[in-house]
Amino acid sequence: MTGRKSEKATPVGQYRERNSTADRALDILGLFSQDKLSLSGQEVATALGTARSTAYRYLQSLVGGGFLEEDPQGGFRLGLRVLELARLARRGYGLSEIALPLMRELCTEVGETVLLTRRAGGAAICVERCEAEHPVRISYERGSVLPANAGASALALLAWLPEQECRELLEAQRLQRFTARTMTDVDDLMERLAQIRQDGFTVSRGELDADILGIAAPIRGSSGGVVAALSIAALEHRVPDRRLDEVVAAVRRAAELISGQLAVVGD
């Protein structure tokens, strides 16, 4: 019986072999680091386990594509094409894309709901929310807009504003009382915000939602200014005093990691 000859799938090993030049090029680019900004041909040959002539062939290919250039001090350094790709990569990342993986890690670590908030004038906006296994009913739903005078997230967003700007912002709006613990006096709030700046974080207890404890830390952008706040919201009894320092440290650590990544990609 005659007919068209069936096609066979290309084995993975053969595919890898046909693309070994691309693999080697990626390996070479991966050798660069903060502490290794220039590479010699011999270093590349040693790392790849190839002859020096073979390493130079790969290097020259990368130079031809603009991914590497010859270093005036000797060896090879990253080229302008890499800078262009880095710029394009930065444009593809936003606050949420960077924050969400770390929010999920924090949610798993502390076992509580995690919030990402930003400020818009005199309001705090919930941008993202990672729910714990035991969800809590709180005012901060994703997309909700709330006054900036109540709750850990809102206070963390205000605390690093210039003092006069912050005072004017608070005085320009009617400060709503949500619970008996909500602060509505501007002078009292200004003192509270000064303490938050000194501490580097804030803890609120039932100021926005009764029986809810909030812990928030600032997230800084590439310029160093506060662009968002990271917080957890939990039933007060779930974070007793003996556990408070541990959870505060976890929130601050996650906020610093997000800030560090924003500093790399820009905000």
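**Note on the sheet and its helices**

1. Helix H7 (residues 152-159) is mostly covered, with eight of its eight residues buried (under 20% relative accessible area, with a 1.4 Å probe and protein chains only; exposed is over 50%, partly exposed in between). Helices (H or I, at least four residues) and strands (E, at least two) are DSSP runs numbered from the N terminus. Among the buried residues of H7 are Ser-153, Leu-155 and Ala-159.

2. The model is predicted: local features need pLDDT of at least 70 and side-chain atom pairs pLDDT 80 or more, while totals for chains, interfaces and linings use all residues. Residues are numbered from 1 along each chain as its sequence is written, and side-chain values use heavy atoms, without hydrogens or water.

3. An open sheet is formed by six strands in the order E5-E4-E3-E8-E7-E6, with antiparallel pairing; two strands pair if DSSP finds at least two bridges between them. Strand E5 (145-147) and strand E6 (202-205) stand at the edges with a single partner strand each, so one side of each lacks a neighbour in the sheet.

4. Strand E3 (residues 113-120) is joined to E4 by seven bridges, and Thr-117 stands opposite Cys-126 in E4. Their hairpin has two residues between the strands, and Gly-121 there takes a positive phi near 65 degrees.

5. Six of the eight residues of strand E4 (residues 123-130) are buried, so this strand is largely enclosed by the rest of the structure. Three bridges join E4 to E5; Ala-123 stands opposite Pro-147 in E5.
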